[in-house]
Amino acid sequence: MSFSWEYARPYEIVPEEYISRLHSDTLHVLQDVGIVFDDVAALHYLEEHGCAVNFETKVVRFEPELIEHSLALSPDKFKLRARNPEFDIVFDGARVHFAACSGMSVLDLETMERRPGTLSDAEQAVRLCDALENMAGSNTGLGEVSDKPTETNLEWLYATAIRNSEKVTSVGVMNDSEKWGIRMAQAAGEDIIVTVNSASPLGWTEDQILGARRAVESGLPVGLQSMASPGVTAPATLAGTATVMNAEILAMATYVQLLKSGTGMMYSCFTIPLDMRTTMLASGSIELGMLTALSAQLSRHYQMGSIVYLPMTDAKLPDQQAGYEKAMGWLLAGLSGINLIWGAGMVDGHSLWSNAQLVIDAEMCGMVGRCLEGVQLEENNEALDLIKEIGHFPGSYL
């Protein structure tokens, strides 16, 4: 059992020449269409660094040279410090880690019914994450709890995760809560994951921009997550969605590197397709897995780290559907080389947390990790001498 696996030859979903073409298309979008930065300070800062800024529409247009220069400043290796150094997560383009995500309610294992989560549920989830060897990061399993004030709900969850785990955890950039999560982690002598989310199509809101600045000022890596949804906030084609996703992420990557060159960055795909018949998000779709694989390839092209808050499932319980949808998601993300796959424990999209699913997911992660290790062809592994010694049936290797 392990919490980190190395991969030697990641799966590539498209030829490398297509990645170069997608990059070129992205530069055209950034130069000709631009990205909305809904933050006055960011607009002035980007204008000072050579961007064309329309302060009325808040659209920023980037010259290709500035994008290329900023990407070159991104480090190809960095780490997130855990309270216990044995659980530090290294982003070096060669390792895959698995971790737990969250839901908005809890699946009660005694009644098999949904119910609001409590801080006690959150503590149990964190301790379970800490105990599972295949989980590199821990989570409270909940986006909110019913027994704490709304105004400080997220802060209670961050404190619970930090108190009860030796592993890396994360914050959400919401309602200024990331400020307190970062300070709690600093007090405990550890890093915390800060991921900012785009406002697709082609935009970043004030709170997410502020969250990125806070992470940079604290010396933390920044997760750059696109929320482009095929057919909704991006073109229906996967290639079109990838172009929007890439433009959003490269724009924020440029801003981050201008703020502080050498800041670690994690490329993050959250491009959930819409089922056009039902208008429901198809969170267990294979297309999401395919876009995840493409995001891994893009992250390596830019020498960034990578993180996804997946895999998900549309199943309402930890059942056969959850099994095959999540297994395919884990395998695609793992084989593609996503550095940190933060999705264990979730069912019904991002809405339901299950301790049982967490344990099942951890077992799947172990299987994916074993697959990543591959077949070892070292000297004497073929056991030729032993094959000669045992010979034919009814000989036995028992």
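The side chains of Asp-176 and Arg-214 come together in a salt bridge, at 3.0 Å from N to O; the term stands for a side-chain nitrogen of Lys or Arg within 4 Å of a carboxyl oxygen of Asp or Glu. Asp-176 sits in the loop between strand 12 and helix 6 (177–187), while Arg-214 belongs to helix 7, so the pair ties together parts that are 38 residues apart in sequence. Helices (H or I, at least four residues) and strands (E, at least two) are DSSP runs, numbered from the N terminus. Arg-214 counts as buried at 15% relative accessibility, whereas Asp-176, at 36%, counts as partly exposed. Here buried means under 20% relative accessible area, exposed over 50%, and partly exposed in between, with a 1.4 Å probe and protein chains only.

Before we go on, a word about the model. It is predicted, so local features need pLDDT of at least 70 and side-chain atom pairs count only at pLDDT 80 or more, while totals for chains, interfaces and linings use all residues. Residues are numbered from 1 along each chain as its sequence is written, and side-chain values use heavy atoms, with hydrogens and water left out.

Let us turn to the sheet that holds strand 12. Eight strands form this open sheet, in the order 1-7-20-19-16-15-13-12, with mixed pairing. Strand 1 (5–6) and strand 12 (169–172) stand at the edges with a single partner strand each, so one side of each has no neighbour in the sheet. Two strands are said to pair if DSSP finds at least two bridges between them. In general, strands of a sheet pair through backbone hydrogen bonds, either parallel or antiparallel.

Start at the strand 12 end. Helix 5 (residues 153–164) packs on the sheet and touches strand 12 and strand 13, its direction making about 175° with that of strand 12. Contact means heavy atoms within 4.5 Å; axes are lines fitted to C-alpha atoms, for helices over the stretch in contact, and angles run from 0 to 180 degrees between N-to-C directions. Strand 13 (residues 192–197) pairs with strand 15 (residues 222–226) in the parallel sense over three bridges, and Thr-195 stands opposite Gly-223 in strand 15.

Now walk over to strand 7. Is this strand enclosed or open to the outside? Five of its six residues are buried, so strand 7 is largely enclosed by the rest of the structure. Strand 1 runs antiparallel to strand 7 and is joined to it by two bridges; Glu-6 has Arg-95 of strand 7 as its bridge partner. With strand 20, strand 7 pairs in the parallel sense over four bridges, and Ala-99 stands opposite Trp-342 in strand 20. Helix 10 (residues 320–336) lies across strand 7 (95–100) and strand 20 (340–344), running at about 170° to strand 20.

Arg-95 is partly exposed at 25% relative accessible area, and Asp-92 is partly exposed at 23%. The count of salt bridges comes to 15. Another of them joins Arg-115 to Asp-108, with the closest N and O atoms 2.9 Å apart. Asp-108 is buried at 16%, while Arg-115 is partly exposed at 28%. Asp-108, Arg-115 and Asp-121 are linked in a network of salt bridges.

There is also an open sheet of four strands, in the order 3-4-2-14, again with mixed pairing. Its edge strands, strand 3 (52–54) and strand 14 (203–204), each pair on one side only. Strand 3 and strand 4 (residues 59–61) run antiparallel, joined by three bridges, and Asn-54 stands opposite Val-59 in strand 4. Helix 8 (residues 238–259) packs on this sheet, touching strand 2 (35–37) and strand 14, and its direction makes about 45° with that of strand 2.

Helix 2 (residues 40–48) has Ala-42, Leu-43 and Leu-46 as its buried residues. Seen down the axis, these fall within an arc of 100°, so they line one face of helix 2; the arc is that of the directions from the helix axis to the C-beta atoms. They pack against strand 2, strand 3, strand 4, helix 7 (206–217) and helix 8. Val-40 and Glu-48, on the other side of helix 2, are exposed. Just after helix 2, Gly-50 takes a positive phi of about 100°.
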